[in-house]
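Welcome! Take a moment to look over the sequence and turn the model around before reading on. The notes below walk through it topic by topic.

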Amino acid sequence: MIDIKGILGPLSALKFLGKAPHTIDYPKETKKTADRYRGIHYNDVEACIGCGSCGTICENDAIDMVNVGFDPNKADTGFRPVVDYGRCCWCALCVDVCPSGSLSLTKDYVYVDDDPKKFLYVPGLQELGKVNIDSTDDLKELAKIEKENRPKLKEGERSWYQKDRTEGLLEFNRVPMKELPGSTRIKSFAEVVLGYTEEEAFMESIRCLGCGLCISACPDRMHIPDYIQAITERDYNSSANIIYENNPLPEMCGKVCTRQCETACVYHNRGDAVAIRWLKRFTTEQFDDFRTIINAEVKPLNGKKVGIIGAGPAGLTVGYYLRLRGYDVTIYEALSKAGGMTMAGIPKYRFPLDSLDKQISYMEEMGVRIHYNTRVGKDIMFDEIMDTYDAVFIGIGFHDPYDLGLKGEKEAKSGVISAVELLRRVNFGEKVDVGKKVAVIGGGNVAIDGARVSKRLGNVDVTILYRRRVQDMPADWEEIEGAEDEGVHIVPQAIPEEIMLDKNGKVTGIKYVMAEMVDDGKGGRPRPKKIEGSEKILPIDTLVGAIGQQADYSFLPDEYLFKTQDDEKSGSKKGIDTFWGRILVHGYNETTMKKVFSGGDMVNRTADAISAIADGLNAVKGIDLFLQGGKETKVNHSVTESDLDKNKLLDKHYKMKHENGKLVSVKLDLSGNIVTESVKIAKDPDELKKDVEKKEVNKSTDKANSKDKTMSYPTKNTNGETKKEEKKSKSKKKSKKKKKKK
Amino acid sequence: MDDLKRPTLDSDFTCDMAFNKITKWAQKNSLWLLAYGTGCGAIELSPTMTSRYDWSRLGIRGSATPRQADLLLITGYLSTKTLKRVIRSYEQMQDPKYVIGFGSCTINGGMYYDSYNTIKQLDLYIPVDVYINGCMPRPEAVLSGLAYLKDKIGDKKADGWIKYKQNFEWYRENQKKILKSFNGDNMPDKYNW
Amino acid sequence: MGFSKLTETKVLLKQYFKDIISIEEGGEQRLIIDLQSKDITSMINHLKDFMDFKHLSMISCVDWPEENKFEIVYILTSYSKNIVLMLKTKIDRKNPKLQSIMSLWPQAVTYEIELNEMFGVFFEGNDRMGEEFILEDWDDIPPMRRDFDSLEYANKNFKFRDERKDKKIIREFISEHYDEWRKK
């Protein structure tokens with residue numbers, strides 16, 4: 001039997017005759033790769049901010065950051081990733097985590113070379129294999145060429161592996177902060193922002209990549225990633241300690257800081273920045289009392305005395321950190337409460353009084369002495385201060401408002417008030433009658449505050465008149481929105497002309513002219529130009545002026561103060577040099593006069609609280625160097641375990657009181673009596689009552705003990721103390737571990 | 001590694017230029033490779049050798065033993081145990097012989113950079129003529145690597161085997177650092193056994 | 001309706017071996033048995049000979065340096081009962097010794113010499129114990145122990161490319177730079 005099938009079977013292969021071969025004739029033709037195929041990296045070096053997140057997430061340790069010639073600035077470290085293709089496994093985690101969206105993976109994957117050194121590659125600068133980081137070529141030019149050489153994508157085509165906002169590992173939306181609704185909040189001075197809950201704070205804190213770019217933008221260089229990391233670990237204790245390392249008023253900053261850090265956040269360009277301010281606020285809100293939490297070591301007095309004029313953020317910072325370093329510190333404050341502009345100038349719905357008291361009482365108990373209601377130049381002479389103290393710090397701030405310069409302002413007997421004065425009077429509990437209709441002139445934060453405070457003074461109709469457009473307003477966008485929510489009218493491009501008065505000199509209205517914006521011809525911001533014949537009259541009861549403030553140097557004797565009007569002459573005279581109303585400082589914030597340092601609004605240009613604190617810290621270094629003859633005192637911000645032996649602990653907790661102008665160390669009570677457990681987030685009303693009672697008991701014991709005026713450290717108290725020590729050492733272990741991780 | 005002797009190819013060829021050209025042409029167009037998959041890249045060889053990409057178009061085919069092979073593919077990571085076998089196979093191959101290193105692992109450790117048991121730089125132990133980028137390289141990249149090697153042979157630049165002979169002591173020293181019991185019954189301390 | 005095979009096995013095992021530390025169901029048709037190391041051989045013998053667990057799937061080991069113990073895990077399967085059984089026992093980490101089960105399943109030898117190599121567990125009665133399996137010329141502590149630092153070993157024994165010698169930890173690298181910015 002013939003096997004026909006066996007003979008004919010092979011012939012069936014003939015059916016493929018003439019058909020195109022299955023083989024891909026590489027390299028003449030290439031097979032199309034999948035849409036999301038991951039090949040060689042490409043980095044848009046202009047968009048990259050050098051945060052290093054790609055390198056941190058890389059499992060294979062394949063990415064280094066190098067400086068390839070980009071200038072570091074506020075939101076850019078100047079570093080760019082270098083990928084080692086002897087490590088990379090094309091997992092694209094670096095692309096998933098890239099917050100600026102600059103890194104992507106192209107579909108090119110073919111690269112062959114005989115030199116293994118060439119597999120180190122700066123994406124986006126040159127082709128793979130050609131890169132020489134050390135070359136002197138203009139790298140920006142190379143980047144441009146590289147970008148042009150990249151194949152252009154057609155619309156809708158997706159040939160690169162790149163993550164947009166909705167994909168990837170990052171969450172670009174911040175956890176929203178709960179606020180009181182506008183209609184409710186104008187009824188009282190209750191705090192508008194409600195704060196994060198523990199869970200919300202956790203969710204917000206895990207968004208932080210920990211790159212630390214924010215530090216570069218913060219005037220005070222706070223350790224932002226560290227304290228956010230501590231919140232993620234739910235270790236609020238060490239979070240507070242990290243914050244206190246260079247900010248003695250964290251709760252104030254947590255509520256009203258201008259948060260320049262958030263503009264430098266890696267998320268800022270493509271989404272919402274991490275809510276750094278709210279997270280700091282959250283940490284500080286966890287504690288009712290900082291005394292038990294902050295581990296900073298207070299050095300015993302070293303015999304040097306420092307006088308501080310003005311208990312604003314700058315003055316308090318200098319006071320706190322100099323006290324830590326063992327100086328005898330005295331602050332003179334003209335008002336009856338400390339805090340400076342943060343006390344007098346910030347409305348209580350943004351920054352409640354309790355918060356400030358909590359921080360200042362901690363400082364006072366630590367040994368910072370504050371003389372209230374003592375105006376230098378009136379109650380005490382500047383010369384006297386200069387004679388008494390080894391160094392003097394001036395931080396008087398800007399409290400004097402500028403005149404509006406309007407017709408009728410001088411003649412007006414009532415109805416014209418500056419926003420600063422209005423805020424001060426309201427904050428100190430005075431009753432202010434602003435009538436039924438109020439106009440505010442100005443567009444800064446003070447103007448908005450003035451308007452919002454006026455709104456809360458009763459059923460008041462408030463209008464803001466501003467020369468330029470709303471988008472030109474220097475005030476925070478949030479504040480403007482808040483004001484609008486509360487029903488404040490904003491009239492932009494309105495130039496006030498004249499204040500209308502009645503026979504008694506009372507304000508009845510304001511005349512203003514509408515303006516159009518014209519180019520100033522120099523490329524600067526547009527100027528308002530009056531439109532002829534557009535005068536309008538707004539009937540008002542009170543006019544609030546908020547066009548800026550200045551410092552009051554009247555306390556300085558004439559021989560100390562010099563006004564320099566241009567840079568060339570400055571620094572030429574002995575005494576305190578000023579320039580356009582600001583005190584001139586150098587290096588460590590020292591003025592042109594020996595042993596006088598200065599900081600705060602009347603020194604820096606940003607004029608906000610955090611800059612004042614930064615000035616204060618700088619001056620602390622300067623004063624310390626000056627008084628120690630060039631040697632800086634070592635500061636121990638979080639006491640380590642080895643320091644935790646009992647004697648040191650006792651040192652740490654002595655309590656200062658001032659009596660008859662002298663600083664006296666009072667016998668302190670280290671036992672469980674003084675120190676209350678304040679780690680709990682919310683307290684029962686009953687517990688609160690108990691705390692108050694305890695405090696009162698302490699006060700009475702203090703009084704009893706204050707009779708002996710010599711320094712006396714407490715003897716060991718057996719109960720309660722050991723427990724506390726254990727607790728402390730635990731928290732320290734934690735923070736130590738954390739440091740190791742880094 | 002930079003202080004290694006640079007080999008000179010011409011000294012190994014005593015014949016005249018014409019014959020020289022013919023041998024090079026023949027060598028580069030009939031690369032027989034040792035079918036020995038050492039790492040995960042061996043899986044990329046199946047599509048490269050079969051009809052989809054069909055590397056026999058380039059004159060490449062597998063050989064039965066190291067003694068017939070011209071080309072050794074190190075397809076990715078190389079554990080120290082495999083390294084011993086690789087050295088043995090490589091030294092048995094007849095001159096001229098070439099090595100291609102696949103992917104990240106052969107360059108600087110790749111994703112196994114922290115492994116206790118894989119070598120990190122292949123060219124410390126055997127000379128590498130071509131590296132292919134990838135983890136792992138796709139068949140196109142493999143073919144590019146092979147084409148690159150062919151060009152290199154044609155240009156008389158594929159001189160790894162001479163480098164190995166001339167710097168034999170240096171390579172042996174590196175190998176001994178990893179393979180601690182090198183001088184055993186299986187691993188004699190001489191070349192081409 | 002009678003008991004399911006799983007419950008039946010559970011009850012039977014509890015009856016035979018009073019010393020079992022715990023026996024629980026670890027999912028569908030899965031039993032996890034925790035027992036003392038002295039019982040492990042007799043238990044496996046009994047399971048194979050009388051309860052029809054004919055298949056040894058694998059032997060594995062977990063390192064618990066915190067407790068100073070090794071946990072040896074045997075996974076057995078019964079095809080007739082359709083049950084996967086996980087036998088766990090903890091042995092001292094300093095002197096890890098256990099009876100070999102190579103007389104029951106010859107393939108257990110491979111698992112045992114691998115565990116010996118990777119964890120340093122010694123199986124008595126295994127005549128190939130101490131043979132090199134994967135690691136040749138190994139001279140450090142067994143690499144699968146958790147106190148073995150793989151990266152440190154790699155840095156010590158292998159060479160990485162010089163081009164990245166000055167590589168730094170990126171976060172530190174950046175924070176060093178802040179100090180430069182701080183100088184106004």
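Why is helix H9 (residues 236–244) of chain A largely enclosed by the rest of the structure? Nine of the nine residues of H9(A) are buried, so the rest of the structure largely encloses this helix. Keep in mind that this is a predicted model.

**Chain A as a whole**

- Chain A contains 23 helices and 26 strands.
- Out of its 742 residues, 43% count as buried.
- Among the contacts in chain A with a separation of 6 or more, 71% come from residues 24 or more positions apart.
- Five domains divide the chain: domain 1 (41–161), domain 2 (182–288), domain 3 (305–399 + 552–627), domain 4 (402–549) and domain 5 (690–742).
- Between the C-alpha centres of domain 1 and domain 4 of chain A there are 52 Å.

- A:Ile145 sits in helix H4 (residues 139–149) of chain A.
- A:Arg527 belongs to strand S18 (residues 527–539) of chain A, and it counts as partly exposed because it has 15 C-beta neighbours inside 10 Å.
- Leaving out neighbours within four places in sequence, A:Arg527 is in contact with A:Val518 and A:Asp520.
- A:Met602 is 75 residues from A:Arg527 along the chain, and their C-alpha atoms are separated by 27 Å.

**The nonpolar cores**

- The largest nonpolar core has 223 residues, and A:Cys214, A:Phe393 and A:Val440 have the most contacts inside it.
- Helix H20 (residues 609–627) of chain A gives this core its largest share, ten residues.
- Not counting residues up to four places away in sequence, A:Phe393 touches several residues, including A:Val306, A:Ile308, A:Phe597, A:Ala619 and A:Ile623.
- There is also a second, separate core of 25 residues, which includes C:Leu47, C:Leu85, C:Leu98 and C:Phe119.

**A parallel sheet in chain A**

- Five strands of chain A make an open sheet with parallel pairing, in the order S9-S8-S7-S10-S24.
- At its edges are strand S9 (369–371) and strand S24 (596–598) of chain A, each of which pairs on one side only.
- From one strand to the next, the twist averages 20 degrees.
- Four bridges join strand S7 (residues 305–309) and strand S10 (residues 391–394) of chain A in the parallel sense.
- A:Phe393 returns here: in S10(A), it is the bridge partner of A:Ile308.
- Lying across S7, strand S8 (328–332) and S10 of chain A is helix H13 (residues 313–324), which runs at about 165 degrees to S8(A).

**Where chains A and B meet**

- How many residues does each chain bring to the contact? Chain B contributes 28 residues and chain A contributes 23 residues.
- On the side of chain B that touches chain A, helix H4 (103–108), strand S5 (130–132) and helix H5 (139–154) each supply at least two residues.
- H5(B) provides the largest share of that side, eight residues.
- By type, the residues on that side of chain B are twelve nonpolar, nine polar and seven charged.

- Six strands form an open sheet with mixed pairing, in the order S5(A)-S5(B)-S4(B)-S3(B)-S1(B)-S2(B).
- S5 of chain A and strand S2 (60–63) of chain B are at the edges; each has a single partner strand, so one side of each has no neighbour in the sheet.
- H5(B) packs on this sheet, touching S5 of chain A as well as S2, strand S4 (98–102) and S5 of chain B.
- Strand S5 (residues 112–113) of chain A pairs with S5(B) in the antiparallel sense over two bridges, and A:Val112 has B:Ile132 as its bridge partner.
- Strand S1 (residues 31–34) of chain B runs parallel to S2(B), joined by four bridges, with B:Trp32 opposite B:Arg61.

Conventions: Residues numbered from 1 in each chain as written. Chains lettered and ligands numbered in written order. Predicted model: local features only at pLDDT ≥ 70, side-chain atom pairs only at ≥ 80, totals over all residues. Contact = placed C-beta atoms within 7 Å. Nonpolar A, V, L, I, M, F, W, Y, C, P; charged D, E, K, R; others polar. Pairing = 2+ DSSP bridges. Domains from an automatic or database assignment. Buried ≥ 20, exposed ≤ 12 C-beta atoms within 10 Å, placed from the backbone. Core = buried A, V, L, I, M, F, W, Y, C linked by C-beta atoms within 7 Å. Axes fitted to C-alpha atoms, helices over the stretch in contact; angles between N-to-C directions.
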